[in-house]
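The sequence and the structure come first.

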Amino acid sequence: EKQQGLSASMVGKSVGYRVQIFFSSGNNSREQAFKMKNEFALQYPKVSAYISFKEPNFRVRVGDFRTRAEAFGFLKEIELQFPQSFVVKDDIAYVKHEYNNSKE
């Protein structure tokens with residue numbers, strides 16, 4: 001069954017890049033991951049942050065970049081606060097710009 005409406009046409013998935021800012025498999029890695037995600041969100045409220053778990057590691061990845069260059073640009077911006085960060089290839093969410101939203 002096809003999804004109808006705005007959300008179906010506006011958001012898609014594609015292969016792109018994210019910046020991984022956290023990676024741990026320790027005892028409290030889940031709590032650390034959520035703490036790191038929240039810390040990031042406070043500093044960069046407009047950039048999406050994602051927590052994923054792949055046995056035995058929790059990871060926090062941020063951004064939805066279409067190109068490696070964009071991801072590296074953002075990495076340069078955050079590397080002082082998040083020195084362990086690096087760029088990874090990932091499935092990203094992106095908004096299809098079918099019309100222009102009014103910019104603030």
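## Salt bridges

In this predicted model, Arg61 and Asp90 form a salt bridge, with their closest N and O atoms 3.0 Å apart. A salt bridge here is a side-chain nitrogen of Lys or Arg within 4 Å of a carboxyl oxygen of Asp or Glu. The pair links distant parts of the chain, as Arg61 lies in strand β3 and Asp90 in strand β4, 29 residues apart. Helices (H or I, at least four residues) and strands (E, at least two) are DSSP runs, numbered from the N terminus. Arg61 counts as buried, at 11% relative accessibility. Buried means under 20% relative accessible area, exposed means over 50%, and partly exposed is in between, with a 1.4 Å probe and protein chains only.

Asp90 also meets the side chain of Arg18 in a salt bridge of 3.4 Å, N to O. That pair links strand β1, which holds Arg18, to strand β4 (residues 86-95), which holds Asp90, across 72 residues. Both Arg18 and Asp90 are buried; for Arg18 the relative accessible area is 6%. Arg18 has a further salt bridge with Asp64, where the closest N and O atoms are 2.7 Å apart. Here the link runs between strand β3 (residues 57-65), with Asp64, and strand β1 (residues 11-24), with Arg18, the two being 46 residues apart. Asp64 is partly exposed, with a relative accessible area of 24%. Side chains of opposite charge can pair when their charged atoms come close.

## Strands β2 and β3

Strand β2 (residues 49-54) and β3 run antiparallel and are joined by 6 bridges; strands are taken to pair if DSSP finds at least two bridges between them. The two form a hairpin with 2 residues between them. Of the 9 residues in β3, 8 are buried, and the strand is mostly covered.

Tyr50 has Arg61 of β3 as its bridge partner. The ring of Tyr50 also has the charged end of Arg18 sitting over it, 3.7 Å from the ring centre. A charge sits over a ring if NZ of Lys or CZ of Arg is within 6 Å of the ring centre and within 35 degrees of the ring normal.

## Aromatic side chains

The whole structure contains 6 aromatic pairs. The rings of Phe53 and Phe58 are tilted, because their planes stand at 40 degrees, with the ring centres 4.5 Å apart. Rings of Phe, Tyr and Trp (its six-membered ring) pair if their centres lie within 6.5 Å; planes under 30 degrees apart count as stacked, over 60 as edge-to-face and the rest as tilted. Phe53 is partly exposed, at a relative accessible area of 45%, whereas Phe58 is buried, at 14%. Elsewhere, one aromatic cluster is formed by Phe40, Tyr44, Phe65, Phe74 and Phe82.

Ser29 belongs to helix α2 (residues 29-43) and is buried, with 3% relative accessibility. Apart from neighbours within four places in sequence, Ser29 is in contact with Phe22, Ser24 and Phe58, contact meaning heavy atoms within 4.5 Å.

In helix α3 (residues 68-78), the buried residues are Ala71, Phe74, Leu75 and Ile78. Seen down the axis of α3, these residues fall within an arc of 110 degrees, so they line one face of the helix; the arc is that of the directions from the helix axis to the C-beta atoms. An α-helix has 3.6 residues a turn, so residues three or four places apart point the same way. Ala69 and Lys76, on the other side of α3, are exposed.

## Overall make-up and basis

The chain has 3 helices and 4 strands, which follow the pattern α-β-α-β-β-α-β along the sequence. Of its 104 residues, 33% are buried. Among contacts with a separation of 6 or more, 73% are between residues 24 or more positions apart.

Residues are numbered from 1 along each chain as its sequence is written, and side-chain values use heavy atoms, with hydrogens and water left out. As the model is predicted, local features need pLDDT of at least 70 and side-chain atom pairs count only at pLDDT 80 or more, while totals for chains, interfaces and linings use all residues.
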